[in-house]
Amino acid sequence: MNERPETGTPSASGLPNQRYEGGPTYRRAARSVVAVLSVTAYTLLGPFGYLLFALLYALPTRRPHRRARFLQAIFHRAFAFMHHWLRWARIMRYDPRKLRGALPDGPCIIIANHPSLTDTTAIIGTFGGMVTMVKPAIFRSWMLKPVLKASGQFEGPSSDPLDMQRIIAEGRSRLDAGFKLLIFPEGTRSPEGGLHRFGRTAFTLACQADLPVVPLVIRYRPVFLSKRCRMLWPPARLPELNIAVLDAVEPTRYQHDSREMRDAVLATYHQHLAPLQA
Amino acid sequence: MEGTIEERLKHLIVDALMLDDIKADDIVTEEPLFVEGLGLDSIDALELALAVHKEFGVRTQADDENNRATFHSVKSLADFIRAEQQRSE
């Protein structure tokens with residue numbers, strides 16, 4: 001499985017991949033102050049953005065898919081802007097302008113490892129035009145639910161194992177409508193430098209809908225906004241995010257066997273992330 | 001298939017979910033089926049629910065809040081099947 005050039009700014013340091021690292025306290029404190037200011041600005045300006053979304057949502061439409069694409073385009077621009085800000089403010093380094101259009105045309109299932117909270121914003125900010133499963137606690141928020149729903153996102157699985165029936169149906173309906181679907185197959189954030197076992201949801205959908213899976217490999221050095229590294233206490237060295245788009249994986253190659261497909265793709269991820277796991 | 005519900009369930013899990021590297025006897029009755037135990041995923045849960053319906057004639061509902069407890073282990077699933085069978089008699 002070939003790896004295309006990575007998005008984002010290439011590593012200037014040439015250092016080997018590293019897990020979360022500390023550093024001089026004053027540098028971390030400076031970055032922390034900028035992070036606090038950014039969160040404050042977001043908190044003050046965010047409600048206006050949500051209000052705009054709410055107004056767009058309230059507009060009557062006969063074409064819900066068209067409105068969903070329009071709202072997805074706004075998400076795309078908003079997340080791209082957010083990453084430009086984060087780069088400008090030297091909170092993290094990632095440029096979403098690179099490698100746009102590297103995904104296949106038409107519906108597909110995009111999967112990615114999930115080292116940090118910024119993965120979703122980075123992927124959507126780079127490629128745009130996709131739907132994803134949203135954590136139930138966030139999806140059910142009274143403020144976000146209308147906008148998320150109108151843009152085609154759907155509620156992620158609950159703790160009920162049989163809730164997957166709904167997830168498969170929701171995923172299928174989005175793919176049938178021509179949307180790209182983003183799924184993090186680990187179901188939670190990755191352990192630092194590693195991977196959890198992949199679930200089969202993405203691969204089951206790919207096999208059922210006969211659509212390709214496009215794996216994205218995310219590398220973060222040092223990891224920021226993982227479960228251990230919080231927003232308000234970033235690492236001293238500037239966190240650098242890279243996204244690599246691997247070749248699309250067709251279910252026909254695995255005779256539409258979601259287990260085989262999952263195992264093969266997981267093995268590929270382990271190969272690509274081996275330096276991080278060393 | 002002869003045997004207790006627990007034994008039948010273990011064979012069903014191996015056969016229905018095509019777990020080539022696991023034998024039915026290796027499955028511990030009280031061990032969790034998902035994630036940290038046998039390592040099944042939620043798609044396995046769906047397939048297992050269909051297989052249980054086919055084999056035992058009992059059905060779990062997708063929106064049942066007890067599903068998590070029901071599918072926790074072979075023992076909990078067997079208890080559920082016994083209770084459903086008694087109720088239908």
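**Figure 1. Polar contacts join chain B and chain A across their interface.** Across the interface of chain B and chain A, seven residue pairs are in polar contact, with both residues at pLDDT 80 or more. A polar contact is a pair of N or O atoms within 3.5 Å; within protein, one must be able to donate a hydrogen and the other to accept it, and residues adjacent in sequence count only if both atoms are side-chain atoms. On the side of chain B that touches chain A, helix H2 (42-56) and helix H3 (67-70) of chain B each supply at least two residues. H2(B) gives the largest share of that side, seven residues. Helices (H or I, at least four residues) and strands (E, at least two) are DSSP runs, numbered from the N terminus. The residues on this side of chain B comprise eight nonpolar, five polar and six charged. Here Ala, Val, Leu, Ile, Met, Phe, Trp, Tyr, Cys and Pro count as nonpolar, Asp, Glu, Lys and Arg as charged, and the others, Gly among them, as polar. The model is predicted: local features need pLDDT of at least 70, side-chain atom pairs count only at pLDDT 80 or more, and totals for chains, interfaces and linings use all residues. Residues are numbered from 1 along each chain as its sequence is written, chains are lettered from A and ligands numbered from 1 in the order in which they are written, and side-chain values use heavy atoms, with hydrogens and water left out.

**Figure 2. The interface between chain B and chain A, seen as contacts and buried area.** In this view, 19 residues of chain B are in contact (heavy atoms within 4.5 Å) with 15 residues of chain A. The area buried between the two chains is about 1,400 Å². Buried area is the accessible area (1.4 Å probe) that two parts lose on being put together, summed over both. Carbon and sulfur atoms give 57% of the area buried between chain B and chain A.

**Figure 3. Salt bridges link chain B to chain A.** A salt bridge is a side-chain nitrogen of Lys or Arg within 4 Å of a carboxyl oxygen of Asp or Glu. In one of them, the closest N and O atoms of A:Arg262 and B:Asp41 are 3.4 Å apart. In another, B:Glu47 and A:Arg259 have their closest N and O atoms 3.2 Å apart. This pair crosses between chains, from B:Glu47 in helix H2 of chain B to A:Arg259 in helix H8 (residues 258-277) of chain A. Relative accessible area is called buried when under 20%, exposed when over 50%, and partly exposed in between (1.4 Å probe, protein chains only). B:Glu47 counts as partly exposed because its relative accessibility is 28%, whereas A:Arg259 is buried because its value is 13%. A network of salt bridges links A:Arg200, A:Arg259, A:Arg262, A:Asp263, B:Asp41, B:Asp44 and B:Glu47.

**Figure 4. Salt bridges within chain A.** A:Asp163 and A:Arg166 form a salt bridge whose closest N and O atoms are 2.9 Å apart. A:Asp163 is buried at 11% relative accessibility, and A:Arg166 is partly exposed at 27%. A:Glu170 forms a salt bridge with A:Arg174, with 3.0 Å between the closest N and O atoms. These two residues are separated by about one helical turn because they are four residues apart in helix H6 (residues 164-176) of chain A. A:Glu170 counts as partly exposed at 23% relative accessibility, and A:Arg174 as buried at 13%.

**Figure 5. Strand S1 of chain A and its partners.** Strand S1 (residues 109-112) is covered on both faces: A:Ile109 and A:Ile111 on one side, and A:Ile110 and A:Ala112 on the other, are all buried. S1(A) pairs in the parallel sense with strand S4 (residues 180-183) over three bridges; two strands pair if DSSP finds at least two bridges between them. A:Ile110 has A:Leu182 as its bridge partner in S4(A). S1(A) also runs parallel to strand S5 (residues 213-221), to which four bridges join it, and A:Ile109 is partnered by A:Val213 in S5(A).

Figure 6. The side chains of A:Tyr94 and A:Thr126 make a polar contact (2.4 Å). A:Tyr94 and A:His83 are eleven residues apart in sequence and 6.6 Å apart in space, C-alpha to C-alpha.
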